[in-house]
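Biologist: Please walk me through this model, one feature at a time.

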Amino acid sequence: MSTIAATEEMAEDLAGRRGWPLHIVVFLAPAVLVYSLFSIYPLIDTIRLSLFTTDEAGLYHFVGLDNFGRLIGDPTWSGPFWNAFRNNLVFFAIHMVVQNGIGLGLAMLLSLPDLAGRNLYRTLIFLPTMLSVVIIGFIWQLMLSPLWGVAETFLGFFGLGGYFGPWLGQETTALATISLISVWQFIGIPMMLIYAALLNIPDDLVDAATVDGAGPFHVFWQVKLPLIVPTLGIVSILTFVANFNAFDLIYAVKGALAGPNFSTDILGTFFYRTFFGYQLQVGNPTMGATVATMMLMIILVGVLIYLFGVQRRLQRHTF
Amino acid sequence: MSLPLRPRRMAVHGALLLYTLIAIGPILLILLNAFKTRRAIFSDPLGFPDGRSFTLIGFDSVLEKSEFGLYFLNSLTVTVGSLALVVVFGAMAAWALTEYRFRGNTLLALYLAIGIMVPIRLGSVSILRMMVEFDLVNTLTALVLVYVAQGLPLAILILGEFMQQIPRDLRDAARCDGVSEYRIFFSIILPLVRQAIATVAVFTMVPIWNDLWFPLILAPGDGKQTVTLGVQQFIGQYVTDWNAVLASLTLAIAPILVLYVLFSRHLVRGLTAGAVK
């Protein structure tokens, strides 16, 4: 393990030559060691592995960027990869619009002055977020099951029973259904973050606008919304990272094959199948590392766009 | 003026109530039906269990056919073990970064923050290779090590923000009395950041308890399954036994519900604290 040696050497070096007092090293060492060894090193090593391939004997050969070429260009790899990428974009788009839209709406309502029962609403709406994605997946799978018929009965109350379908099982509706289940679970996060931002808007600003004759609707669009744009930026990047790293829900509801016919396959499930294998397909660690590296790059691009594009522009508006 | 206000308030409550029902309805539905006979589950899914339809048969078969107690113990061990290490290591590192000025301080803080945005999951290929090499596959130790690495960045960030607010006089006085840096940290600072530790605890615990990925990759068998993985495997096997499926879901939900009732205050404060600037 070259990293352990390197870290020790670094610690010694820093403690000795540059005169770091021992207690600083003692305070930092455990966290830095565990974090470097089990988080940073594996990430770097994964990038390294993506440049290799294995032969039948299990030996590693350096192949440069060939794996990436295969992932993007070779039809056996690029078909599933682009399919997963497209599905992931849809998954993200639905979260951005529905999850963050409803989250914003709920936060707006919760932040109204003198609202009775505010804490109770907030606590209950946040509840699903606390539960395991796997459990949520099974709950909705049961509820949407035509066998049980709960969803159908429920729609029947509103005279909509005829619209019910096996949404999780149809190729055309499965991805949207899964996305909405995930939206349902995580709506509490944008709601809480936006709610906190709304509470922080100084009353004077709202009062001043009201005195000037602005109605509540106008106050929201012209005064409050521009002030919470930084929070909306944070919510967006958090959604992006979580969505492009998602796996559990689809694995729980649809299994590693992300059916029907890969219509719910996203990068997380594609990564799992590539790395671990499924059914008769044997797992391929180096291609798995390649997929992981692609996901890492996609996430980094998103974070960089946020840091340098969105956030920098926002700073001019913050007060 | 008050007349048009009232209906508007009613509409607000109506909307919030509706969404609250959407949010907790499915969970209540599962909890309700877990205590009903198979016949009642299908004939009257929305009804409360009564004298005739009440049964615990689902729970009996879960406890009989799976090692739920063991899964629970595994989850508890992993979560508590990881949490303790995240809090202690995280607090120590956060203290060093906020209190002492040393060369590379900012750089180290940035390095430790990478993990907040970059998911450690993407390093799984190498993590598995390492665990095979260390002979830690199918052990809870492997999970604890990964979860500590995963939890540290956010813990250091949150604890650091709280530690910055501790007044200087306290530790300066202690230093004048010749108290060692270690005692200042463990006897003065740690007790002062109790609130922040509670927040960190909630943020660290929940993702660990709920995680499927690492148990699936690193410890999928040998009786080392966590509750999340155990339930996933159990339901895959007994998918047609509705009583058992509903009971296993209820057993998996219950501990989190209890924790949430106890800790929701800390969680809300943690989520909203970031914006209070």
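This is a predicted model: local features need pLDDT of at least 70, side-chain atom pairs count only at pLDDT 80 or more; totals for chains, interfaces and linings use all residues.

Biologist: What is the mean pLDDT of chain B?

Modeller: pLDDT is the predictor's confidence in each residue, from 0 to 100. Chain B has a mean of 88, with 95% of its residues at 70 or more. Residues are numbered from 1 along each chain as its sequence is written, with chains lettered from A in the order in which they are written.

Biologist: Which residues have the most contacts inside the largest nonpolar core?

Modeller: A nonpolar core is a set of buried Ala, Val, Leu, Ile, Met, Phe, Trp, Tyr and Cys residues joined through C-beta atoms within 7 Å; buried means 20 or more other C-beta atoms within 10 Å of the residue's own, placed from the backbone. The largest has 166 residues, and A93(B), V146(B) and L152(B) have the most contacts inside it. This core lies between domain 1 (2-49) and domain 2 (74-315) of chain A, because both give residues to it; the bounds come from an automatic or database domain assignment.

Biologist: What does V146(B) touch?

Modeller: Contact means C-beta atoms, placed from the backbone, within 7 Å. Leaving out residues up to four places away in sequence, V146(B) touches F38(A), I120(B), I127(B), F214(B) and L218(B).

Terms used
A residue is buried if 20 or more other C-beta atoms lie within 10 Å of its own, exposed if 12 or fewer, and partly exposed in between; C-beta atoms are placed from the backbone. Two residues are in contact if their C-beta atoms, placed from the backbone, lie within 7 Å.
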